[in-house]
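Hi,

Here is the model I promised to pass along. Have a look at it first, and then read on for my notes.

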Amino acid sequence: MTRTGGYLDELEQDALTELVNIGVSRAAASLRKMIGHQVLLSVPALEIVSRTVAATLIREREGGDLVAVRQDFEGAFSGRALLIFPEANSLALVRAVTGDELDEAGVLEMEDEALSETGNVVLYGCLATMANMLKRPLEMSLPAVIRGDGQVLFELSDTDPSSTTGVVLFLYINFSVSGRDIRGYIAMLMDLPSIEALKVLIAEFLERIVGADAS
């Protein structure tokens, strides 16, 4: 499934999907080293939608509460990256990260720290790889754990109409750890100037890869 709301043409969509695919593959390799289990990530499906639509999409897919690791990124393109899990999956991920060595109280105590570390590995690995391939530096903030529904995660406010501006680059990735029931999503909240900047970088990337005729 690919829906980019006219922000990217077909060639740009394919290029961005491939960049993300390479990024998450490298992030999966880093996570595999971290937890000692095989990590499988599907080829990402990409959508660029409004924050309101993103909140609806995540609500349709996940009925329960959500937990997310959030990191801001800044450089040639800027925004906020989220690694989102159903909250029911988050403790299974913590157990995987800690090697099943903790009891329930220990798992709960370590939850935020383990999720932050996991999010940092996945989000930094993915975005740093993309930035490197686009030949631009990118700085990232420290990870933070947040909980709530799509309205909270995508920072929508009933009293602030400006909260609906901007778009979400939504990446559906089936994220599974061998022998574990874990799945997740990556989302990037970006404003329109950042989407335009990313579009320019993708065009430059295509020109380097397939030549000026692709632009």
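Which residues does glutamate 111 touch, not counting those up to four places away in sequence? They are Ser90, Leu91, Val94 and Arg147. Keep in mind as you browse that this is a predicted model.

Glutamate 111 sits in helix 4. Is it buried or exposed? With a relative accessibility of 9%, glutamate 111 falls under the 20% cut-off and therefore counts as buried. Valine 97 is 14 residues away from glutamate 111 along the chain, and 9.9 Å separates their C-alpha atoms.

That brings us to the helix 3 and helix 4 pair. Helix 3 covers residues 87-97, and helix 4 covers residues 104-133. Their axes are 8 Å apart and the packing angle is about 85 degrees, so the two helices are roughly perpendicular to each other. From helix 3, the contact uses Ser90, Leu91, Leu93, Val94, Arg95 and Val97. Helix 4 brings Glu104, Val107, Leu108, Met110, Glu111, Ala114, Leu115 and Thr118. Sorted by class, that contact has nine nonpolar, two polar and three charged residues.

Helix 3 itself is largely enclosed by the rest of the structure, because eight of its 11 residues are buried. Those are Asn89, Ser90, Leu91, Ala92, Leu93, Val94, Ala96 and Val97. What do they pack against? Besides helix 4, the partners are helix 1 (10-35), strand 4 (66-75) and strand 5 (79-86). After helix 3 comes glycine 99, with a positive phi near 70 degrees.

There is another crossing to look at, between helix 1 and helix 6 (residues 192-210). The angle here is about 90 degrees and the axes are 10 Å apart, so helix 1 and helix 6 are also roughly perpendicular to each other. On the helix 1 side you will find Leu11, Glu12, Ala15, Leu16 and Leu19, and they meet Leu198, Lys199, Ile202, Phe205 and Leu206 of helix 6. By class, the contact has eight nonpolar, no polar and two charged residues.

Leu16 from that contact turns up again in the core. In soluble globular proteins, nonpolar side chains tend to be buried together. Here the largest nonpolar core holds 53 residues, and the members that touch the most others are Leu16, Leu169, Ile186 and Met188. Helix 4 gives the largest share of this core, with 10 residues. A second, separate core has 18 residues, among them Leu66, Val168, Phe170 and Tyr185. As for leucine 16, its contacts are Leu8, Leu46, Met130, Leu169, Leu198 and Ile202, leaving aside residues up to four places away in sequence.

Finally, some overall numbers. The protein has six helices and 10 strands. Of its 215 residues, 48% are buried. Among contacts with a separation of 6 or more, 73% are between residues 24 or more positions apart. The protein exposes about 10000 Å², and carbon and sulfur atoms supply 49% of that.

Cheers

Conventions: Residues are numbered from 1 along each chain as its sequence is written. This is a predicted model: local features need pLDDT of at least 70, side-chain atom pairs count only at pLDDT 80 or more; totals for chains, interfaces and linings use all residues. Side-chain values use heavy atoms; hydrogens and water are left out. A nonpolar core is a set of buried Ala, Val, Leu, Ile, Met, Phe, Trp, Tyr and Cys residues joined through side-chain atoms within 4.5 Å. Buried means under 20% relative accessible area, exposed over 50%, partly exposed in between (1.4 Å probe, protein chains only). Helices (H or I, at least four residues) and strands (E, at least two) are DSSP runs, numbered from the N terminus. Contact means heavy atoms within 4.5 Å. Accessible areas come from the Shrake-Rupley method with a 1.4 Å probe; for residues, only the protein chains shown count as cover. Axes are lines fitted to C-alpha atoms, for helices over the stretch in contact, and angles run from 0 to 180 degrees between N-to-C directions. Angles under 35 degrees count as roughly parallel, over 145 as roughly antiparallel, 65 to 115 as roughly perpendicular and the rest as oblique. Ala, Val, Leu, Ile, Met, Phe, Trp, Tyr, Cys and Pro count as nonpolar, Asp, Glu, Lys and Arg as charged, and the others, Gly among them, as polar.
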